[in-house]
Amino acid sequence: MSMAKKVPFVDPETCIGCSACSAVCPDVFEMQEDGKSKAVNEASDSEENIQNAIDTCPVQAIRWKQKNEPAEKG
Ligand code: SF4
């Protein structure tokens with residue numbers, strides 16, 4: 001188990017708003033008014049289930065980032 005402070009990040013440029021991540025991991029991924037998903041409560045589910053949500057995204061819009069990493073980078 002890694003102790004690194006990694007958190008999920010949804011790239012809004014890539015997200016197609018299918019809501020699959022929110023179905024798998026609703027406590028973390030919340031659909032926004034713009035139709036895109038956003039990671040709103042990054043610590044509210046297990047790393048394993050967040051990874052399940054990442055793996056279910058059909059366009060690979062979700063990735064891990066370091067807690068303090070600017071969202072724009074990567
Ligand atoms: S699964 Fe991917 S494309 Fe679908 S809403 Fe989540 S981030 Fe967006």
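This is a predicted model: local features need pLDDT of at least 70, side-chain atom pairs count only at pLDDT 80 or more; totals for chains, interfaces and linings use all residues.

Me: Which loop holds Gln60, and what is its phi?
Reply: Gln60 is found in the loop between H2 and S4, and its phi, near 50 degrees, is again positive in a residue that is not glycine. Gln60 is exposed, because 10 other C-beta atoms lie within 10 Å.

Me: Let's step back. How many helices and strands are there?
Reply: The protein has two helices and four strands, and from the N terminus on they follow the order β-α-β-β-α-β. Of the 74 residues in the protein, 22% are buried. Among contacts with a separation of 6 or more, 60% are between residues 24 or more positions apart.

Me: Which residues have the most contacts inside the largest nonpolar core?
Reply: That core has 14 residues, and those with the most contacts inside it are Val10, Cys21, Cys25, Val28, Phe29, Ala53 and Ile62. Strand S1 (6–10) and helix H2 (47–56) each supply at least two residues of the core, with H2 giving the most, namely three.

Me: What does Cys21 touch, leaving out residues up to four places away in sequence?
Reply: With those left out, Cys21 touches Phe29, Ser37, Ala53, Thr56, Cys57 and Ile62. Cys21 is also one of the residues that come nearest to the ligand, together with Cys15, Cys18, Ser37 and Cys57, out of 14 residues around it.

Me: How many residues of each class are in the shell around the ligand?
Reply: The shell around the ligand has eleven nonpolar residues, three polar ones and no charged ones.

Me: Back to H2, then. Which residues there are buried, and which are exposed?
Reply: Ile50, Ala53 and Ile54 are buried in H2. They sit on the same side of H2, because they cover an arc of only 100 degrees around the axis. Glu48 and Asp55, on the other side of H2, are exposed.

Me: Why would residues three or four places apart point the same way?
Reply: An α-helix has 3.6 residues a turn, so residues at that spacing point the same way.

Me: What covers the buried residues of H2?
Reply: The cover includes S1, H1, S2 and strand S4 (62–66).

Me: Where does Pro26 lie, and how far is it from Ala53?
Reply: Pro26 lies in the loop between helix H1 (20–24) and strand S2 (29–31), and it counts as partly exposed, because it has 15 C-beta neighbours inside 10 Å. Pro26 and Ala53 are 27 residues apart in sequence, while their C-alpha atoms are 9.4 Å apart in space.

Me: Last one: where is Gln32, and how far is it from Gly17?
Reply: Gln32 lies in the loop between S2 and strand S3 (37–39), and the C-alpha atoms of Gln32 and Gly17, which are 15 residues apart along the chain, are separated by 9.0 Å. Gln32 counts as partly exposed, because it has 13 C-beta neighbours inside 10 Å.

How values were computed. Residues are numbered from 1 along each chain as its sequence is written. A residue is near a molecule or strand if its C-beta atom, placed from the backbone, lies within 6 Å of it. Ala, Val, Leu, Ile, Met, Phe, Trp, Tyr, Cys and Pro count as nonpolar, Asp, Glu, Lys and Arg as charged, and the others, Gly among them, as polar. A residue is buried if 20 or more other C-beta atoms lie within 10 Å of its own, exposed if 12 or fewer, and partly exposed in between; C-beta atoms are placed from the backbone. A nonpolar core is a set of buried Ala, Val, Leu, Ile, Met, Phe, Trp, Tyr and Cys residues joined through C-beta atoms within 7 Å. Two residues are in contact if their C-beta atoms, placed from the backbone, lie within 7 Å. The arc is that of the directions from the helix axis to the C-beta atoms.
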